[in-house]
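Please examine the sequence and the structure before reading on.

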Amino acid sequence: FGLQYFLKRYMVGPVVTAEKIDQAEEYFKVHFSHPIWGYDPKLFNRAGWEHILRKHQGHLPVEIKAVPEGTVVPYKNVLFTMENTDDECFWLTNFLETLLVQ
């Protein structure tokens, strides 16, 4: 499956919920804790995700434009662009780009 499937499955609609924020924080605590120094709460941006939940009702504040799937594109051209629509979520585009460029 391609970009369109991923976008529709995971990024359309209200995808950020309080339950998912709690679940993600627990995941971070388990997987990013150091056996000696413990867990650094700065690793998980809870305030950022809660901002998205409050201000955008769980919708991701990004605009994505993409070449239609199956289009033959010459090299040195972009396949998609992603733009942040909320200055307070400056971190979100890098986070999502990591997921999308696989």
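Accessible areas come from the Shrake-Rupley method with a 1.4 Å probe. For this protein, a predicted model, the accessible surface comes to about 7800 Å², and carbon and sulfur atoms hold 58% of that surface. Buried residues make up 25% of the 102 residues.

The protein contains four helices and two strands, and along the sequence these follow the pattern α-α-α-β-β-α. Its radius of gyration is 16 Å, well over the 13 Å that the globule rule gives for 102 residues, so the protein is more spread out than a compact globule. Along the principal axes, the C-alpha atoms fill a box of roughly 50 × 30 × 25 Å. Among contacts with a separation of 6 or more, 55% link residues 24 or more positions apart.

The largest nonpolar core has 18 residues, and those with the most contacts inside it are Trp 49, Leu 60 and Leu 92.

Helix H4 supplies the largest share of the core, three residues. Which residues does Leu 92 touch, not counting those up to four places away in sequence? They are Trp 49, Ile 52, Leu 60, Pro 61 and Val 62.

Finally, the charged side chains may be considered. The protein has 10 positive and 13 negative side chains, and the centres of these two sets lie 3 Å apart.

Methods: Residues numbered from 1 in each chain as written. Predicted model: local features only at pLDDT ≥ 70, side-chain atom pairs only at ≥ 80, totals over all residues. Heavy atoms only, no water. Core = buried A, V, L, I, M, F, W, Y, C linked by side-chain atoms within 4.5 Å. Buried < 20%, exposed > 50% of the residue type's maximum accessible area, 1.4 Å probe, protein only. Contact = heavy atoms within 4.5 Å. Rg over C-alpha atoms; globule rule 2.2 N^0.38 Å. Lys, Arg positive; Asp, Glu negative; His and termini not counted. Charge placed at Lys NZ, Arg CZ, Asp CG, Glu CD.
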